[in-house]
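I opened a new notebook page for this structure. My notes follow in the order in which I looked things up.

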Amino acid sequence: MDIDAVLFDMDGTLVDSDAVVERLWRQWARENDTDVDLVLETMPGRPAEDTVRAVRPDLDAAAHGRAQLEREYLDLDGVVAAPGAHELLAALDEARVPWAVVTSADTRLAELRLGAAGVVATTLVTRDRLTHGKPHPEGYLLAAERLGVDPARCLVVEDTATGATAGRDAGARVAGLKGTESDLPISTLTDLLEVTR
């Protein structure tokens with residue numbers, strides 16, 4: 001695939017944080033008498049505040065979102081690099097293909113989770129630095145700009161429909177994990193090693 005840069009989502013893509021995220025949202029749903037399945041179906045790829053707003057519009061979404069983030073800052077149990085992440089990033093660096101991380105997490109959470117996974121991202125675009133979160137393309141457009149590449153020459157790697165929409169709307173091609181509708185369905189990050197060749 002002829003690309004100039006790779007733009008990665010963080011949670012569920014470069015970082016396996018699925019267990020902690022699900023654990024904390026199950027806890028929130030129980031505490032707030034909210035359908036767990038609805039919460040787990042709604043939250044992928046969204047900031048905490050947006051999830052609360054979508055599933056419980058009667059609550060103070062900002063306050064609940066902040067409280068949920070505080071829990072996420074403290075619970076890194078089980079946060080690891082996704083299978084193939086280190087190998088792919090090393091191959092991209094060796095091939096001099098620039099890459100960035102674009103996440104719905106805020107800067108503090110992104111740095112904590114990337115650190116727990118042993119991933120050092122020199123270009124990191126977080127939700128608190130944007131006007132619009134995913135599915136808006138702003139984050140991916142900003143990452144491409146920071147890397148000095150045309151978004152149409154980027155490959156976005158995502159694991160949610162929300163993120164894939166953001167990537168497509170930025171004009172990039174999308175590789176999708178976990179059955180995410182995409183231009184290039186992949187089962188693990190190692191499937192992308194050919195991008196570096």
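Before reading any exposure value, I wrote down the cut-offs: buried means under 20% relative accessible area, exposed over 50%, and partly exposed in between, with a 1.4 Å probe and protein chains only. I noted that this is a predicted model, in which local features need pLDDT of at least 70, side-chain atom pairs count only at pLDDT 80 or more, and totals for chains, interfaces and linings use all residues. Residues are numbered from 1 along each chain as its sequence is written, and side-chain values use heavy atoms, with hydrogens and water left out.

Entry 1, backbone angles. I looked up Asp33, whose phi is near 45°, a positive value in a residue other than glycine. Asp33 sits in the loop between helix 1 (18–31) and helix 2 (36–42). Helices here are DSSP runs of H or I with at least four residues, strands are runs of E with at least two, and both are numbered from the N terminus. Is Asp33 buried or exposed? Asp33 is exposed, at a relative accessible area of 74%.

I then turned to Arg96, which is not a glycine but has a positive phi of about 60°. The loop between helix 5 (85–94) and strand 4 (99–102) holds Arg96. Arg96 is exposed, with a relative accessible area of 77%.

I found one joining Lys134 and Pro135, with omega about 15°. Pro135 belongs to the loop between strand 5 (124–125) and helix 7 (138–147).

The axes of helix 4 (residues 61–74) and helix 6 (residues 107–117) come within 9 Å and cross at roughly 25°. Axes are lines fitted to C-alpha atoms, for helices over the stretch in contact, and angles run from 0 to 180 degrees between N-to-C directions. Helix 4 and helix 6 are therefore roughly parallel to each other, a term for angles under 35 degrees. I listed the residues that make the contact (heavy atoms within 4.5 Å): Leu69, Glu70, Glu72 and Tyr73 from helix 4, and Arg108, Leu109, Leu112 and Arg113 from helix 6.

I counted eight helices and eight strands. Along its principal axes the C-alpha trace spans about 50 × 30 × 30 Å. How many of the 197 residues count as buried? The share is 52%. Of the contacts with a separation of 6 or more, 59% come from residues 24 or more positions apart.

Definitions and conventions:
Parallel < 35°, antiparallel > 145°, perpendicular 65-115°, else oblique.
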